[in-house]
Amino acid sequence: NLNPDAFVLMKQENKVHIETEVYTDEFIQPIVAETDDIKTNFVKYKLQGLQPRYFPQFFHSGVLSDSYKIQDGIDCGEISLLYNCGKSLRDKCHQKHIYSFRDERFLDQLTSRMKAIVQRILTVNSKNFPDWKIIDKELYQNQDFIQCQRAHEQNKIYYIDLEFTNKKMYLCGFYDNHNQFEYIWEPYCNKTFMFKLISFIQNHSDCIFIYYSAEVKKIKEYIRKLNLVVEDTFFDNFKDLYVFLYKYTAFLDCYDYKLKTITKGFQKKGKLTTAYEDGECQSGTDSIEIFENYLLFKNTDDQNKIIDYNKLDCFHQKIIFEELFS
C-alpha cells in the first residue's frame, strides 16, 4: 500500500495481524517491470515449461471492453480471443501444449467448419495481407443475400434492433435506406408492444428486415409467452446480418463477430465516424440500467438516451451491410 496512513490486514492461522507498510517507488518499479515481462512473454514461459502467471481469457464480454486486454490477447495469440473459441477448446489446446493461435498446430484442433472461419480471421489480421477485409465470393451466391441486395436496390429494406430485459421488450427501432428512423416505444405492456411490432411488420410485408443475431429468437420467445398467433411466413423476410458476416467475411482488427467488435474495426478504417463511446448509453447493459431508471423517474432524457443508442445500432448494421457489396 503506497499510503503511509493505510493499514494492511493479514490473516494467518486464525490470527489477524494489523501493520502499516510504506512502499517506495524504488521498491515498486522492479515488480512492475517483472509484471510487464510476464505479460509480454507468458507464452514463451509456458512453452519452456514454466508456469504462466498472466493468462488473459476472453470468455466474458466485460473483458472485451478493455482495449489493453484485447491488445495483450492479440500480442500473445490468446486462443479465447477468437470467434467461438471457448474454454473447452482452449483447455484442449493447452493439454497439447498449444498456447497461441499463431502455433502452426492450432488450426488442426478445429472442426472443418470452424477452421475456415478462423482461417479468414487470422489471414486478414496477418502482417502481409494487403487488404482490410475478406469477403468470400460464395456470399454473392447466397439466396438470402441476393434477396437483401434486391431489397436494398428497391429501397425496401429496414435495419432493426430490439431493446429488452428478461421480462420486458420496450423498444424496437427501424432504420431505412434514406436514413429515416422509426421506433416502437412501449415501456409497460409486452402485449401492446408486440401488437405494434407485428402490425408494423405486416404493413411492410414487401420489405426485408435485417437484424443482428438475436432479434428473431427474442420475438418468437415473446410471441410464445403471450400466446399470440402469427402466420408461418411471418419471419420469411427477416435476414440475419451476423450469419452473412461469420460465414463469409473477416475484417482487420476483428477477432470475433460481435457487432461492437465489427464497428470498432470499421471505425479504425474510417468507414464509421460514429462511436458508442460518444453516447451516454453505450451497451445493452447500459440500455437496461437506463430503462430501469426511466421506469422509476419517467425522465424523457433517459428514454432519448436509449433511443439514440438503438438508432446507432441500426445505422451501424446499414453501413456494415452496404460494405459487403461496395
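**Contacts, cores and one buried glutamate**

Let me begin with contacts, meaning heavy atoms within 4.5 Å: among those in the protein between residues at least 6 apart in sequence, 58% join residues at least 24 apart. Please keep in mind that this is a predicted model, in which local features need pLDDT of at least 70, side-chain atom pairs count only at pLDDT 80 or more, and totals for chains, interfaces and linings use all residues. Residues are numbered from 1 along each chain as its sequence is written, and side-chain values use heavy atoms, with hydrogens and water left out.

The protein has 11 helices and 9 strands, which are DSSP runs (H or I, at least four residues, for helices; E, at least two, for strands) numbered from the N terminus. Of its 326 residues, 46% are buried, where buried means under 20% relative accessible area with a 1.4 Å probe, protein chains only.

Now to the cores, a nonpolar core being a set of buried Ala, Val, Leu, Ile, Met, Phe, Trp, Tyr and Cys residues joined through side-chain atoms within 4.5 Å. The largest has 67 residues, of which Phe 106, Tyr 257 and Leu 324 touch the most other members, and helix 11 supplies its largest share, 9 residues. A second, separate core of 25 residues includes Met 194, Tyr 222, Leu 228 and Phe 238.

Finally, is Glu 323 buried or exposed? Glu 323 counts as buried because its relative accessibility is 8%. This residue lies in helix 11, residues 300–323, and, leaving aside residues up to four places away in sequence, Glu 323 touches Trp 132, Lys 133, Ile 135, Phe 266 and Lys 271.

Terms used
Buried < 20%, exposed > 50% of the residue type's maximum accessible area, 1.4 Å probe, protein only.
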